[in-house]
Amino acid sequence: MPFSKDLLIGASGNQGGGAFYSHQIENSLRLENIAGNSTATQYLVRDPSAGDRDKWTISMWVKLGRLATSTSHTSMAGWGAHSGSGSGRGYGMIQDYTGTVNGMSFEDNNGSSWHVTTRTNARLRDTEGWYHFVWAYDSAQGTNSNRAKMYINGVLQDDLQSTTYPSQNADHSWFSAGHHFIGTNGTSSDGDNPYQGVDGLIAEVVALDGSAVNPVDNLGEFKNGVWIPKDPSGLTFGSQGFYLKFGDTSNFGLDSSGNSNNFTATGLGTDHQVLDSPTFG
């Protein structure tokens, strides 16, 4: 699916009803982290046991509620993790404030330097459609550009304005034993300050521990030129992987992978479940 540097059109919200989609996403979760607030107030958090920090995948569908400016606290992190010690932390931006404003990023600080920093030239400016974001990390790869990959709506992002790739076999903060967030990023020495929170809708968040997958035919597929979701339930989640559907209003952090790797919802009431989704809206 080709597109210009300004991604004004996300994935379609509805292409003729249920018959078009082989996999239905029934609802989404509304997060309202306003641009003027430097601390996120609505997000999910979990403190896992350590998983495979060298090989993993994160996938999420997002409908943006606003766009970032060049001010840091207006940016939005889809996910973030603290390494559990010092300043080590990593995250994935879906609305970056630096470089190409409104871009996607893949970043990690190992405690001494930002050893992973990739940012797209593509700018994400559609607030009506759904975007599918995927980050795949595999530091064992011999080619450095294969170690940290980003995909938008099934398309590998290789037009990048920042390209600092990890050393071979380098750990990332994700799947460490520190705080892990969905819908925000954690800062400070122990990662307990949620920052750069999402304002918008998120749906079907999937994390795979020990697998770095291409989203095509694993997490989505092209149908009539439209990127649509595939059922992720048959994927290998690994010990710390999870699958968040946001279907239980009493427990938005419920893991449906079979691992019981549940998250704790913060600042989210039952009215934060929304019927709008990548397959209905």
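**Words and their cut-offs**

Visitor: How do the residues of the lining of the largest pocket divide into nonpolar, polar and charged?

Guide: The lining of the largest pocket has two nonpolar, four polar and three charged residues. Asp, Glu, Lys and Arg count as charged, Ala, Val, Leu, Ile, Met, Phe, Trp, Tyr, Cys and Pro as nonpolar, and the others, Gly among them, as polar. This is a predicted model, in which local features need pLDDT of at least 70 and side-chain atom pairs count only at pLDDT 80 or more, while totals for chains, interfaces and linings use all residues. Residues are numbered from 1 along each chain as its sequence is written, and side-chain values use heavy atoms, with hydrogens and water left out.

Visitor: Which residues line the largest pocket, and how much space lies in it?

Guide: His23, Gln24, Ile25, Glu26, Asn27, Glu204, Tyr243, Lys245 and Gly247 line the largest pocket, which holds about 190 Å³ of space.

Visitor: What makes a space a cavity, and how many cavities of 30 Å³ or more does the structure hold?

Guide: On a 1 Å grid over the protein atoms alone, a cavity is a set of points where a 1.4 Å probe fits but cannot get out, whereas a pocket is an open set with protein on both sides within 12 Å along at least five of seven lines; lining residues have an atom within 4 Å of a point. The structure holds one cavity of 30 Å³ or more, and the largest cavity contains about 30 Å³ of space, where the volume is the space filled by probe spheres set on grid points joined across faces, edges and corners. Its lining consists of Ser59, Trp61, His132, Glu204, Val206, Leu219 and Lys230, with β4 (55-64) and β17 (199-209) as the elements that give two or more residues. Three of the lining residues are nonpolar, two polar and two charged.

Visitor: Where is Gln196, and why is it called buried or exposed?

Guide: Gln196 is in the loop between β16 (193-195) and β17, and its relative accessibility of 6% is why it counts as buried. Its phi, near 60°, is a positive value in a residue other than glycine.

Visitor: What makes Ser22 and Glu128 buried or exposed?

Guide: Ser22 counts as exposed because its relative accessibility is 61%, and Glu128 likewise counts as exposed, at 64%. Ser22 lies in the loop between β1 (6-7) and β2 (28-32), and its C-alpha atom is separated by 12 Å from that of Asp217, 195 residues apart along the chain. Glu128 lies in the loop between β9 (123-124) and β10 (131-138).

Visitor: How many helices and strands does the protein chain have, and why is it called as compact as a globular protein of that length?

Guide: The protein chain has zero helices and 22 strands, where helices (H or I, at least four residues) and strands (E, at least two) are DSSP runs numbered from the N terminus. The radius of gyration is 17 Å, close to the 19 Å that the globule rule gives for 281 residues, so the chain is as compact as a globular protein of that length; the radius is taken over C-alpha atoms, and the rule is 2.2 Å times the number of residues to the power 0.38. Buried residues make up 55% of the 281 residues.

Methods
Buried < 20%, exposed > 50% of the residue type's maximum accessible area, 1.4 Å probe, protein only.
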